[in-house]
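Open your viewer and get ready to select residues by number. This tour goes from one stop to the next.

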Amino acid sequence: MYKTILYEVKENVAYIIFNRPEVGNAFSEDSFREIPEALMNASKDDTIRAVVLKGKGKLFCGGGDINQFKEMIEKDDGGIPERLVEATGAMGRAIRNCSKPVIASINGAAAGAGVGVALAADFRIMEKRSSLVTAFIGMGLPGDTGVLYTLQKMVGTSLATELLLFSEPVKGEHAFDLGLANKVVENGTLEEETWAFAKKVASLPTKAVSYQKELFNEFFYNDLEKFNHREAQSMHQASLTEDHKEAVTAFLEKRKPKFKGQ
């Protein structure tokens, strides 16, 4: 049914599992279509009362596929198309618009767009060794998937700027202290702890929770789509720069990039 994800149901909890472990569960164009579709299915299914997002294998999600960035650079027009960035934003909005509570169970690292997806969720559960890595600036890009929007809401502009500019990994306990994680668990216990948390959420009055989420979205996320449109423009323009090309080349050559501000 799906190429890039698995959709599994355990009792009344739906699991959407990012299923590209060979590339660190990096998102592709198929991901941008399939993840919102799966969220919509869970939203419409009255038997589902909570949704869990997780990655198959060692990582939650490594963000974008750098090999695809390289292919885009080599095209005649070059750069990341705005429509693709808009699609990452639509993926984040699908998480916000899902009528059921969405829990990001962060195994390993969530990087780049993986952070954007995790921050769009209603809850985040991390192991002590799990980490959030914004990663975008290191690729010569400002950010997609609404990550600036959601991060600023959670930690304020100054700290969001620091986390985005320096991209230092924020591990479980630090993420909890910053308000980015709702729960931090011992290493090796993420699956069982996520299940217990999901069951607790699923035991709540689902319709009331849905109405509450609608209010959050209407009054506190009401300009998210407009933001997604602007970030798509910024991402496209940044992807045309020499610094982005250098970042992609350096990543593939496994060396540190040398940015020139161009």
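Predicted model: local features only at pLDDT ≥ 70, side-chain atom pairs only at ≥ 80, totals over all residues.

Residues are numbered from 1 along each chain as its sequence is written, and side-chain values use heavy atoms, with hydrogens and water left out.

**Stop 1: the hairpin**

Select residues 5-10, strand S1, and residues 13-18, strand S2. Strands (E, at least two residues) and helices (H or I, at least four) are DSSP runs, numbered from the N terminus. S1 and S2 run antiparallel, joined by six bridges. Two strands count as a pair if DSSP finds at least two bridges between them. Now pick Glu-8: opposite stands Tyr-15 in S2. Two residues lie between the strands of this hairpin, and Glu-11 has a positive phi near 55°.

**Stop 2: the largest pocket**

A pocket is an open set of points on a 1 Å grid over the protein atoms alone, with protein on both sides within 12 Å along at least five of seven lines; lining residues have an atom within 4 Å of a point. A volume is the space filled by probe spheres set on the points, which are joined across faces, edges and corners. The largest pocket holds about 600 Å³ of space. Select Gly-63, Gly-64, Asp-65, Ile-66 and Phe-69, the closest to its centre among 36 lining residues. Next, show helices H1 (29-44), H2 (66-74), H3 (82-97) and H11 (242-252), each of which supplies at least two lining residues. Which helix gives the largest share? H2 does, with five residues.

**Stop 3: the second largest pocket**

Here the space is about 320 Å³. Select Arg-96, Asp-122, Phe-123, Gln-212 and Phe-216, the closest to the centre of the 15 residues that line the second largest pocket. Then show strand S6 (123-127) and helix H9 (206-220), which each supply at least two lining residues. H9 gives the most to this lining, four residues.

**Stop 4: the largest cavity**

A cavity is a set of grid points where a 1.4 Å probe fits but cannot get out. There are three cavities of 30 Å³ or more. The largest cavity has a volume of about 60 Å³. Select its lining residues, among them Val-115, Leu-132, Thr-134 and Glu-168. Helix H4 (113-120) and strand S7 (131-133) each supply at least two residues of this lining.
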